[in-house]
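Trainee: I have a new structure to read. Can you take me through it step by step?

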Amino acid sequence: EETSQRRKMAGLREMARARASVAMMQDELVKQNKLLEEQDAIAKERLEKMVADQQEAETKQRDGEKLSATLEKDKKEIETRKKEAEEELAKAEPALEAARSAVRGITRRELDEVRSMRNPPLPVRRTLECVEILLGVLSPTSSYVAPSWEDVRKLTRRGDFIATVVDFAPSQLDRKAATFVKERYLKPSETTLRELTKGAQRSDPDAKPVEALDKEAVYKASKACGPLMAWAESQIDYAEIERKVEPLREEVEQLEKEQAETRVKVDALNAELEQLAKSVASYKDEYAVAVRNAERIKADMEKGKAKAERADRLLVNLADEQARWDDEAKNFSERMALVVPDALRAAAIIAYAGKLIDKDRHRLCDKVNEVLYKLALSPECKEISNFHT
């Protein structure tokens, strides 16, 4: 019986350990479930960010494509506008260069001839006037009286006169001066010519009528003044074309500015797209890791859950047996406590009660109970009175 009892006690201990193990497994399942929720939340967050960045990248890519198309369109527009401006200027460029070359070809002798004139022909005088007005030496005036010849020929006496004329650029030309020369010298109206004639005749009643400058007449009057008149005409023509193409140039500048701004935007968008691509790739990796972790946790939970359920079913099935073993374990110590006194009672009865009558047997039993009681071996002596039977 003691061996049986030891086995039962061992079984009870195993059941207790199994119950504790089931409790631990259930706690672990709770923790695993929490981890699973966390991984699911991480996966959801990464997926949302990935989708958001992907959508943003697609939007920016569309914007980038539009900007690139605009950039290409602006580039073609700039090229077209530049070509138009260059073609317009190219028309006047040969005449301007030819006139400069002709001025360079003026000899010292031809120039000295003009310098030495005391009363020059009107074409010579008016040619030098318009040249000096264009150079800014003489100022346009509302008066129809011509400047004095002495003032006009001062510039021709300078050693750098030819160089000054040749180096003068149309961009230096004052618009007011150009208009004045055109209206007074190159293409004057009849009214203007009459007023100019009146002005000339105030100082010289015999002065000839003033006429518009004519190349042939100027060349005939002075070999030096012919090229100078051609120079004046080419300067005004080129300046007028420059003014005409100025809006084109401004438009080209504006287009180039917009193109530069667009290029900056395109570069910025490309940089953002590159960063978004890296971000999306990173989110994809993190999402994949989170999903793998969630799957692993789910698998572990399934295994743990199955194991816990099997252990729990086993414990349920052994519940009745455990209750019986618990009761037996509780009574076992009481039964073991009676083994020694019961053995002594039995030995005394076997040894002495055989020859005694019933009355004496009872007295023997009482005496044995009394001795056992004194020895603390019989807590309940009255229960032992029937041993003689």
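Mentor: Start with the definition we need: helices and strands are DSSP runs, numbered from the N terminus. Keep in mind that this is a predicted model. Read along the sequence, the protein chain gives α-α-α-α-α-α-α-α-α-α-α-α.

Trainee: How many helices and strands does the protein chain have?

Mentor: There are 12 helices and 0 strands. Of the 389 residues, 34% count as buried.

Trainee: How do I read a pair of helices? At what angle do the axes of α11 and α12 cross?

Mentor: Helix α11 covers residues 339–352 and helix α12 residues 358–374; their axes come within 10 Å and cross at roughly 145 degrees. The crossing is right-handed. Residues in the contact include L344, A348 and I349 of α11, and L364, V368 and L372 of α12. By class, the contact has 9 nonpolar, 1 polar and 1 charged residues.

Trainee: Is R115 buried or exposed?

Mentor: Buried means under 20% relative accessible area. R115 is at 15%, so R115 counts as buried. D112 is partly exposed, at 31%.

Trainee: Which residue pairs with K198 in a salt bridge?

Mentor: E195 does, at 4.0 Å from N to O. K198 and E195 are 3 residues apart in helix α7, about one helical turn. K198 is partly exposed at 45%, and E195 is partly exposed at 25%.

Notes:
Residues numbered from 1 in each chain as written. Predicted model: local features only at pLDDT ≥ 70, side-chain atom pairs only at ≥ 80, totals over all residues. Heavy atoms only, no water. Axes fitted to C-alpha atoms, helices over the stretch in contact; angles between N-to-C directions. Helix = DSSP H or I, 4+ residues; strand = E, 2+ residues; numbered from the N terminus. Left-handed = near helix turned anticlockwise from the far one by under 90°. Contact = heavy atoms within 4.5 Å. Nonpolar A, V, L, I, M, F, W, Y, C, P; charged D, E, K, R; others polar. Buried < 20%, exposed > 50% of the residue type's maximum accessible area, 1.4 Å probe, protein only. Salt bridge = Lys/Arg side-chain N within 4 Å of Asp/Glu carboxyl O.
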